[in-house]
Amino acid sequence: MTASNSTDKTLVQGLKEKKEEAFRELLERYSEKLFHLALRVLRREEEAREVVQEGFLKVVTKIGTFQEDSSLYTWIYRIVLNEALMRRRTRHPEREIPIEDYLPRYELGVATEPAPDWAKLPDRLFEEGEVRDFVRSCIEDLPEDLRTAYVLKDGEGLSEDEVCNILEISKFAMKNRVHRARLVIKKRIEEKYAR
């Protein structure tokens, strides 16, 4: 059993025993991820927040039925996804975009324009863009000395000697700053995405 499963098991036990700290941990651990999930489905922030709240309410009221044959996150993810999909279905019909404008065109069986790159799906592109924006904000939030060393070394790809020369610091100091910057960025990414 992995450490994360063990943690989930403890959390599930706390939820089943109606412990307040378990409910608090549930919200802290999953609110943001579930909000992003609901937002991706609904594309409306207010509705996404409502769906997440409804999902948490279901989790709290149905935790006794959770069989633990999947991870807690998977179970909660499915509840919120279903809530979001049901909410979306009950909306008034949305304007649909004709897909013909986006499909490849052919004349006599030959493509008349270059085929689009299907290697990356729109959801994946969205996630990559979101992560990229978050990493940028992490870098911007670093203390100036760490940010400068990190940007020069990892962002610009300069050699250690070049960075040391530009900043007029020793190699030890430069490595220390870059290492600390990487640790801060890594930790913030883990806190946001790796739960």
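**Notebook: a predicted chain, looked up piece by piece**

Entry 1. I began with glutamate 168, which is exposed at a relative accessible area of 72%. By the cut-offs I used, exposed is over 50% relative accessible area, buried is under 20%, and partly exposed lies in between, with a 1.4 Å probe and protein chains only. Glutamate 168 sits in the loop between α7 (160-167) and α8. Its phi is near 55°, a positive value in a residue other than glycine. Most residues other than glycine have a negative phi.

Entry 2. I noted the ground rules. This is a predicted model, in which local features need pLDDT of at least 70 and side-chain atom pairs count only at pLDDT 80 or more, while totals for chains, interfaces and linings use all residues. Residues are numbered from 1 along each chain as its sequence is written, and side-chain values use heavy atoms, with hydrogens and water left out.

Entry 3. I looked for another positive phi and found lysine 18, with phi near 60°. Lysine 18 lies in the loop between α1 and α2 and is exposed, with a relative accessible area of 52%.

Entry 4. I listed the secondary structure of the chain: eight helices and two strands. Helices (H or I, at least four residues) and strands (E, at least two) are DSSP runs, numbered from the N terminus. From that end the order is α-α-α-α-β-β-α-α-α-α.

Entry 5. I checked the confidence, pLDDT, which the predictor gives each residue from 0 to 100. The chain averages 82, and 84% of the residues score at least 70. Confidence is lowest in helix α1 (residues 3-16), with a mean of 77, and highest in helix α3 (residues 45-62), at 94. Over residues 1-5 the pLDDT is below 50, and this stretch has two contacts in the model beyond near neighbours in sequence. A contact means heavy atoms within 4.5 Å.

Entry 6. I asked which residues of the largest nonpolar core touch the most other members. Of its 26 residues, they are Leu26, Tyr30, Leu34, Leu72, Trp75, Ile76 and Val80. A nonpolar core is a set of buried Ala, Val, Leu, Ile, Met, Phe, Trp, Tyr and Cys residues joined through side-chain atoms within 4.5 Å. The elements giving two or more residues to this core are α1, α2 (20-42), α3 and α4 (72-90). Helix α2 gives the most, with nine residues. I then followed tyrosine 30: leaving out residues up to four places away in sequence, it touches Asp8, Leu11, Phe56, Leu72, Tyr73 and Ile76. A second, separate core has eight residues, including Cys138, Leu146, Tyr150 and Ile185.

Entry 7. I took the chain as a whole. Of its 195 residues, 26% count as buried. Among contacts between residues at least 6 apart in sequence, 59% join residues at least 24 apart.

Entry 8. I looked at valine 131, in helix α5. Valine 131 counts as partly exposed, at 31% relative accessibility. The C-alpha atoms of valine 131 and isoleucine 189 are separated by 8.4 Å, though these residues are 58 apart along the chain.
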